[in-house]
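Welcome, and please take a moment to turn the model around on your screen. The paragraphs below will walk you through it step by step.

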Amino acid sequence: MPGVKRIPYGIADYRRMKLDNMYYVDKTRFIPLIEAAPYYLFLIRPRRFGKSLWLSLLQHYYDINAQDEFEALFGDTWIGANPTPDRNSYLVMTFNFAAVSPDLNEVRQSFEANGETVIRDFLARYERYFSPQEQGQIMDFPTVADRLRELFAQTTRKGLRIYLLIDEYDNFANTILTTA
């Protein structure tokens with residue numbers, strides 16, 4: 001049946017849901033409330049409660065690279081009719097710690113590898129803001145923490161803003177705490 005929306009069971013990709021015409025309950029009216037909150041927002045909800053989907057929505061709403069898709073992704077939502085000044089004005093960095101191994105013998109290396117992947121992906125998506133020399137300076141640092149410090153310093157000097165999203169922040173930590 002054409003036009004019938006599918007139910008997106010297990011899908012946490014907002015863009016895919018909207019472009020594939022899947023059912024979505026519009027919660028975008030909460031975006032201005034998030035913007036009015038302190039700089040650090042911590043969302044804690046039970047599993048399967050839509051946290052990852054919400055982060056995906058925020059990623060697409062704030063990402064400067066997604067400006068051309070705003071109407072397609074948000075045109076029929078509350079925020080589409082009431083966009084905030086921060087719409088599509090950030091470089092978005094998303095960490096998903098579900099990819100970090102909870103094995104005590106692997107967690108440090110896995111955390112570093114995951115962080116390196118995120119930073120490389122970030123620099124590739126926003127390469128127009130970072131020269132090859134600047135990208136090399138960032139990646140020359142030995143640890144993810146050092147690379148992030150340099151990346152944040154460079155974005156600050158350029159007057160750019162980063163929207164940092166962290167999903168599954170407790171995934172490997174909870175496993176370590178309950179099994180170690």
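What follows is a tour from the overall fold to the core, the rings and the charged pairs.

A word on the ground rules comes before the tour. This is a predicted model, in which local features need pLDDT of at least 70 and side-chain atom pairs count only at pLDDT 80 or more, while totals for chains, interfaces and linings use all residues. Residues are numbered from 1 along each chain as its sequence is written, and side-chain values use heavy atoms, with hydrogens and water left out.

Let us begin with the whole chain. You will find nine helices and two strands in the protein chain; helices (H or I, at least four residues) and strands (E, at least two) are DSSP runs, numbered from the N terminus. Followed along the sequence, their order is α-α-α-α-α-β-α-α-α-β-α. The C-alpha atoms fill a box of roughly 50 × 45 × 35 Å, taken along the principal axes. Of the 180 residues, 35% count as buried, where buried means under 20% relative accessible area, exposed over 50%, and partly exposed in between (1.4 Å probe, protein chains only). Among contacts (heavy atoms within 4.5 Å) between residues at least 6 apart in sequence, 67% join residues at least 24 apart.

Now look inside. A nonpolar core is a set of buried Ala, Val, Leu, Ile, Met, Phe, Trp, Tyr and Cys residues joined through side-chain atoms within 4.5 Å. The largest one here has 42 residues, and Leu58 and Phe130 have the most contacts inside it. Helix H3 (residues 51-62) gives the largest share of this core, seven residues. Which residues does phenylalanine 130 touch, not counting residues up to four places away in sequence? Its partners are Leu91, Phe122, Leu123, Gln135, Ile138, Leu151, Gln154, Thr155 and Lys158.

The aromatic rings come next. The structure holds 14 aromatic pairs; rings of Phe, Tyr and Trp (its six-membered ring) pair if their centres lie within 6.5 Å, and planes under 30 degrees apart count as stacked, over 60 as edge-to-face and the rest as tilted. Tyrosine 62 and tyrosine 163 make a stacked pair, 4.3 Å centre to centre with 15° between the planes. Tyrosine 62 lies in helix H3 and tyrosine 163 in strand E2 (residues 162-167), so this pair ties together parts that are 101 residues apart in sequence. Both tyrosine 62 and tyrosine 163 are buried. The rings of phenylalanine 97 and phenylalanine 111 have centres 5.4 Å apart and planes at 35°, so that pair is tilted. Phenylalanine 97 sits in the loop between strand E1 (91-96) and helix H6 (107-125), and phenylalanine 111 in helix H6, 14 residues apart. Phenylalanine 97 is buried at a relative accessible area of 10%, whereas phenylalanine 111 is partly exposed at 33%.

Tyr14, Tyr24, Tyr61, Tyr62, Phe70, Phe74, Tyr90 and Tyr163 form one aromatic cluster. The charged end of arginine 87 sits over the ring of phenylalanine 70, 3.7 Å from its centre, and the charged end of arginine 161 sits over the ring of tyrosine 90, 4.1 Å from its centre. For such a placement, NZ of Lys or CZ of Arg must be within 6 Å of the ring centre and within 35 degrees of the ring normal.

Finally, turn to the charged pairs. Side chains of opposite charge can pair when their charged atoms come close. A search of the whole structure finds 11 salt bridges, each a side-chain nitrogen of Lys or Arg within 4 Å of a carboxyl oxygen of Asp or Glu. Glutamate 69 and arginine 15 meet in one of them (2.6 Å, N to O). That pair links distant parts of the chain: glutamate 69 is in the loop between H3 and helix H4 (70-74), and arginine 15 in helix H1 (residues 14-19), 54 residues apart. Another salt bridge joins glutamate 116 and arginine 147 (3.3 Å, N to O), with glutamate 116 in helix H6 and arginine 147 in helix H8 (residues 144-158), 31 residues apart. Here glutamate 116 counts as partly exposed at 25% relative accessibility, while arginine 147 is buried at 9%. To finish, find Asp63, Asp121 and Arg125, which are linked in a network of salt bridges.
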